[in-house]
Amino acid sequence: MIQIGKEGRRMRRILIVVGSGNINGHTDQLARAFEKGAIQAGHEVKRIVLSKNLQGCQGCGACQINQHHCVIQDSMQEYYAMFEWADTLVLASPLYFWSISGRLKCFIDRLYAISQNDEYPYQETFLLMSAGDDHFWTFEQALSFYSFYTKALGWKSLGSVLAGGCHDESHQPYIPPLKLQEAYEKGLSL
């Protein structure tokens, strides 16, 4: 059931999935800024940082004959319930080798367990990414992948915040302040 807030805006249940293990790193900062805006807008928000205890899909197909339960017993078991709770999925990833992180890819692959007849529960999605460089082509491959799988899974993209240039000479986590503000405003505007 869709809930409407005081301002006549749809209230969302947002799950932010952070595909980086660097707590307080670039991607985590971007996700927290988005989360702050979404909470201020009155949305319910849950945030997970994908753990090291997350295996890739084995392609065994057991989930499709096992009442959509994955046989791999790891962190994904708790993530399934959170995914099903949400109506909006925010994927946050550092740019690793021109695409999303392996942790985030594992999460997406493992959603196969809850698919039925290759159809997935509908989600509206948003992409947050950080990268060290900031060329015009920096996020090209990652955006292509994101666009492909949102279409393939039948999801609707609500947009993205792409934060390039996340480095400084001190090697401390740094995100351009304008990108943090953009992430906050996107969360606020949902």
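**Entry 1: terms and model**

Helices here are DSSP runs of H or I of at least four residues, strands are runs of E of at least two, and both are numbered from the N terminus. I am working from a predicted model.

**Entry 2: Thr138**

I started in a loop. Thr138 sits between S6 and H5. Is Thr138 buried or exposed? I took under 20% relative accessible area as buried. Thr138 comes out at 1%, so I logged it as buried. I then looked up what it touches. With residues up to four places away in sequence set aside, Thr138 touches Leu95, Ala131 and Asp133.

**Entry 3: helix H5**

The next element along is H5. It covers residues 140–153, which is 14 residues. From first C-alpha to last it reaches 20 Å, close to the 20 Å expected at 1.5 Å a residue.

I listed its buried residues: Ala142, Tyr146, Tyr149, Thr150 and Leu153. Where do the buried residues fall, seen down the axis of H5? They keep within an arc of 105 degrees, so they line one face of the helix. I recalled the general rule here. An α-helix has 3.6 residues a turn, so residues three or four places apart point the same way.

Then I turned the helix over. The face away from the buried side carries Glu140, Phe148 and Lys151, which are exposed. I noted a phenylalanine in that list, Phe148.

What covers the buried residues of H5? The cover includes strand S5 (88–94) and helix H4 (102–110). It also includes strand S6 (124–130) and strand S7 (156–163).

I checked the residue just after H5 as well. Gly154 has a positive phi there, about 80 degrees.

**Entry 4: Tyr149**

Leaving out residues up to four places away, Tyr149 touches Leu91, Ile108 and Trp155. I also took a distance to another tyrosine. Tyr96 is 53 residues from Tyr149 along the chain, and their C-alpha atoms are 18 Å apart.

**Entry 5: Arg110**

Arg110 is in helix H4. Its relative accessible area is 1%, so I have a buried arginine. What is Arg110 in contact with, leaving aside neighbours within four places in sequence? I found Leu54, Gln55, Gly56 and Cys57, then Cys70, Ile72 and Asp74, and also Met76, Gln77 and Tyr80. Asp74 is one of those contacts.

Thr138 and Arg110 are 28 residues apart along the chain, and 27 Å separates their C-alpha atoms.

**Entry 6: Cys57**

I followed one partner of Arg110 back. Cys57 is placed in the loop between S4 and H2. Its relative accessible area is 39%, so it is partly exposed. Beyond neighbours within four places, Cys57 is in contact with Asp109 and Arg110. Cys57 and Cys106 lie 49 residues apart in the chain, with C-alpha atoms separated by 6.8 Å.

**Entry 7: helix H3**

Which residues of H3 are buried? My list reads Met76, Tyr79, Tyr80, Met82, Phe83 and Trp85. What covers them includes strand S3 (13–18), strand S4 (44–49), S5 and H4. I noted that S5 and H4 are also named in the cover of H5.

**Entry 8: positive phi outside glycine**

I found Gln67 with a positive phi of about 55 degrees, though it is not a glycine. Gln67 sits in the loop between helix H2 (62–65) and helix H3 (76–85). At 67% relative accessibility, it counts as exposed. I then noted Trp98. Its phi is near 70 degrees, again positive in a residue other than glycine. Trp98 is in the loop between S5 and H4.

**Entry 9: H1 against H6**

Last, a helix pair. H1 (residues 26–40) and H6 (residues 177–189) pack at about 35 degrees, and their axes are 6 Å apart. The crossing is right-handed. From H1, the contact takes Gln29, Leu30, Ala33, Phe34, Lys36, Gly37, Ala38 and Gln40. From H6, it takes Lys179, Leu180, Ala183, Tyr184, Lys186, Gly187 and Leu188. How do these residues divide by type? I get eight nonpolar, four polar and three charged.

Key
Residues numbered from 1 in each chain as written. Predicted model: local features only at pLDDT ≥ 70, side-chain atom pairs only at ≥ 80, totals over all residues. Heavy atoms only, no water. Expected span 1.5 Å × (residues − 1). Buried < 20%, exposed > 50% of the residue type's maximum accessible area, 1.4 Å probe, protein only. Arc of directions from axis to C-beta. Contact = heavy atoms within 4.5 Å. Axes fitted to C-alpha atoms, helices over the stretch in contact; angles between N-to-C directions. Left-handed = near helix turned anticlockwise from the far one by under 90°. Nonpolar A, V, L, I, M, F, W, Y, C, P; charged D, E, K, R; others polar.
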